[in-house]
Amino acid sequence: MISVLINGTSHRVDVDGDTGVLWVLRDVLGMTGTKFGCGAGLCGACTVHIDGKPTRSCITPIETVGVAAITTIEALGGDPVGRQLQKSWLDLEVVQCGYCQSGQLMSATALLAGNPDPNDADIDAAMSGNICRCGTYQRIRAGIKQAAQAIAKARKEG
């Protein structure tokens, strides 16, 4: 049995230590918001946060997580940055097919958590490992910028 902390809740899972975090989330715990894309950590669809850092869950063995906290797309609305990004995504109709968007949102949340006022180069660098087959990159960038502006405004007013 392996103990993991996911979205603030402790879970004990009966899996081999080399099982990918993605498969623990999806197949063992039934948390299907995190998507399987390439299986090689190249497309970003499976991105989760491990202690706040965007991580490709398809190539991360569960045994390497240890006591670190895993955050998935299911908990993103509980984070003020994540919630604002979700709102911006809806406002700007960022999503086309939507398959990659949980990974996109997880990477964008980590970006704004560490850099509340990113420029285009910052956004491109942070999001470069996330592939969108529909090509909504301009809308993704606009969503990140809109969220950053709304967060900055809320902080000033707050």
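The sheet is open and has five strands in the order 2-1-5-3-4, with mixed pairing. Strands, like helices, are DSSP runs numbered from the N terminus, with at least two residues (E) for a strand and at least four (H or I) for a helix. Two strands pair if DSSP finds at least two bridges between them. From one strand to the next, the twist averages 40°.

The model is predicted: local features need pLDDT of at least 70, side-chain atom pairs count only at pLDDT 80 or more, and totals for chains, interfaces and linings use all residues. Residues are numbered from 1 along each chain as its sequence is written, and side-chain values use heavy atoms, with hydrogens and water left out.

Strand 3 (residues 47-50) pairs with strand 4 in the antiparallel sense over four bridges. Within this pair, H49 stands opposite P54 of strand 4, and V48 has T55 of strand 4 as its bridge partner. The hairpin of strand 3 and strand 4 has two residues between the strands, and D51 takes a positive phi near 50° there.

Helix 3 packs on the sheet, where it touches strand 3, strand 4 and strand 5 (69-71). The direction of helix 3 makes about 35° with that of strand 3. Contact here means heavy atoms within 4.5 Å.

The helix pairs are listed below. Axes are lines fitted to C-alpha atoms, for helices over the stretch in contact, and angles run from 0 to 180 degrees between N-to-C directions.

| Helix pair | Angle | Axis distance |
|---|---|---|
| Helix 2 and helix 3 | about 130° | 9 Å |
| Helix 3 and helix 5 | about 40° | 11 Å |
| Helix 4 and helix 5 | roughly 115° | within 11 Å |

Angles under 35 degrees count as roughly parallel, over 145 as roughly antiparallel, 65 to 115 as roughly perpendicular and the rest as oblique. Helix 2 and helix 3 are therefore oblique to each other, and helix 3 and helix 5 are therefore oblique as well.

Helix 2 (residues 80-91) passes helix 3 (residues 101-114) in a right-handed crossing. A crossing is right-handed if the near helix is turned clockwise from the far one by less than a right angle, and left-handed if anticlockwise. From helix 2, V81, G82, L85, Q86 and W89 meet Q101, Q104, L105, A108, T109, L112 and A113 of helix 3. These residues divide into seven nonpolar, five polar and no charged. Nonpolar covers Ala, Val, Leu, Ile, Met, Phe, Trp, Tyr, Cys and Pro; charged covers Asp, Glu, Lys and Arg; the others, Gly among them, are polar.

Helix 3 and helix 5 also cross in the right-handed sense. Q101, Q104, A108, L111 and L112 of helix 3 meet I140, I144, A147, A148 and I151 of helix 5. This contact has eight nonpolar, two polar and no charged residues.

Helix 4 passes helix 5 in a right-handed crossing. D120, I123, D124 and M127 of helix 4 make the contact with I140, R141, I144 and K145 of helix 5. By class, four residues are nonpolar, none polar and four charged.

Which residue forms a salt bridge with D120? R141 does, with the closest N and O atoms 3.7 Å apart. R141 lies in helix 5 (residues 137-157) and D120 in helix 4 (residues 120-127), so the pair ties together parts that are 21 residues apart in sequence. The whole structure holds four salt bridges (a side-chain nitrogen of Lys or Arg within 4 Å of a carboxyl oxygen of Asp or Glu).
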